[in-house]
Amino acid sequence: MGTDNYGVLFDAGVSARFLKKVLRENEIGIEQIMAVFITHNHTDHIRSVGCLGEKYGIPVYATEKIHAGIDTGLPPNERLYISRRIIEKEIAVSIKDLKITAFDVPHDANECVGYLVAYKQHKLVLATDVGHIDEKVGEYIRIANHLIVEANYDREMLFHGKYPPFLKKRISGGNGHLCNSETAEFLAANFDLHLKNIWLCHLSKDNNHPELACKTVEVAMRQYGIRIGKDVNLVALKRTTPSEMFILDNTPGIISDTYY
Ligand SMILES: [Zn+2]
Ligand SMILES: [Zn+2]
């Protein structure tokens, strides 16, 4: 995400080659990526971080603990040296005009964070791989104008699905992932009209459907009189297909600039 001229990347779960292709299709050069911020060291979040950091020279920001996790998760020839940047939770870092703050997220990595990006009047919050919405995660979700939040699985699909019991337990435990209904109920109960856009992310391939995730949020919202498409926009992000670019310039009620 970013402005008209530059941006930052959150996580690096796809190959650098694929990332470059998608950026190119959106007329963005990799040299416009000023920084990579990592949420945690699980493979689906760090696949190309070594290449982006050391080959392309993009600074990689993460807490000390997350960096230690990245070190153990990458082959020695992909480790981060010159691109390594240490951040502290709750202390904002400036990347040009973007102010980025990491906050604690409960998940079964050695540490996991979400991010708040503040730019002009916009506050975008990313909260993925969230075991449960604790006080801290809730605090950040509530301040977002634009929210990317996990809706990993549908409870029925997970429990009746083919995953082995240990995996079902891991996913649904307090340090695993968020299910559609937990996300939906929190968003509905805590809704404020300053929230303009919700993107559901990290949907499970086996235990969820984009339509089902959206429907669950929509039904919960409706019980509070909140109308999807009128009061707030809702999109479920696809797993492997890149999304279109979302331009937040024209969001009513927010004086604006462009994000991608
Ligand atoms: Zn994870
Ligand atoms: Zn993940």
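Below are the ground rules, followed by the stops.

**Before you start**

This is a predicted model, in which local features need pLDDT of at least 70, side-chain atom pairs count only at pLDDT 80 or more, and totals for chains, interfaces and linings use all residues. Residues are numbered from 1 along each chain as its sequence is written, chains are lettered from A and ligands numbered from 1 in the order in which they are written, and side-chain values use heavy atoms, with hydrogens and water left out.

**Stop 1: the zinc ion (ligand 1)**

Select the zinc ion (ligand 1) and show its protein donors: His40 (NE2), His42 (ND1), His107 (NE2) and Asp129 (OD), which lie 2.2 to 2.4 Å from the ion. Donors here are N, O and S atoms within 2.8 Å of the metal (3.2 Å for Na, K and Ca); water is not among the atoms, so sites may look incomplete. Along the chain, these donors follow the spacing H-x1-H-x64-H-x21-D.

What is the geometry of the zinc ion (ligand 1) site? The site is irregular, with angles of 89 to 172° among its four donor atoms. For that label, four donors count as tetrahedral if all angles lie between 85 and 135 degrees; four count as square planar and six as octahedral if opposite donors are over 155 degrees apart and all others between 65 and 115; anything else is irregular. For reference, ideal angles at a metal are 109.5 degrees for four tetrahedral donors.

His40 is buried, with a relative accessible area of 0%, while His42 is partly exposed at 21%. The cut-offs are under 20% relative accessible area for buried, over 50% for exposed, and partly exposed in between (1.4 Å probe, protein chains only).

**Stop 2: the zinc ion (ligand 2)**

Keep Asp129 selected and step across: the two zinc ions, ligand 1 and ligand 2, are 3.4 Å apart, and Asp129 coordinates both. The zinc ion (ligand 2) is held by Asp44 (OD), His45 (NE2), Asp129 (OD) and His202 (NE2), at 2.1 to 2.3 Å. The spacing of its donors along the chain is D-H-x83-D-x72-H. This site is irregular too, with angles of 89 to 168° among the four donor atoms. Asp44 is partly exposed, with a relative accessible area of 38%, whereas His45 is buried at 4%.

**Stop 3: aromatic rings**

Next, show the aromatic side chains. The structure holds six aromatic pairs. Select Phe37 and Tyr61: their ring centres are 4.7 Å apart and their planes are at 15°, so the pair is stacked. The rule is that rings of Phe, Tyr and Trp (its six-membered ring) pair if their centres lie within 6.5 Å; planes under 30 degrees apart count as stacked, over 60 as edge-to-face and the rest as tilted. This pair links distant parts of the chain, with Phe37 in strand β2 (residues 33-37) and Tyr61 in strand β3 (residues 60-62), 24 residues apart. Helices (H or I, at least four residues) and strands (E, at least two) are DSSP runs, numbered from the N terminus. Both Phe37 and Tyr61 are buried.

Then move to Tyr6, where the charged end of Lys96 sits over the ring, 5.1 Å from its centre. The rule asks for NZ of Lys or CZ of Arg within 6 Å of the ring centre and within 35 degrees of the ring normal.

**Stop 4: the largest pocket**

The largest pocket holds about 1600 Å³ of space. Of the 40 residues that line the largest pocket, the closest to its centre are Phe10, Leu237, Lys238, Pro242 and Ser243. Helix α1 gives the largest share of the lining, four residues.

On a 1 Å grid over the protein atoms alone, a pocket is an open set of points with protein on both sides within 12 Å along at least five of seven lines, a cavity is a set where a 1.4 Å probe fits but cannot get out, and lining residues have an atom within 4 Å of a point. Grid points are joined across faces, edges and corners, and a volume is the space filled by probe spheres set on the points.

**Stop 5: the largest cavity**

Finish inside the protein. The largest cavity has about 60 Å³ of space. Among the residues lining the largest cavity are Ile141, Arg142, Phe186 and Leu187. Helices α5 (135-143) and α8 (180-189) each supply at least two residues of this lining.
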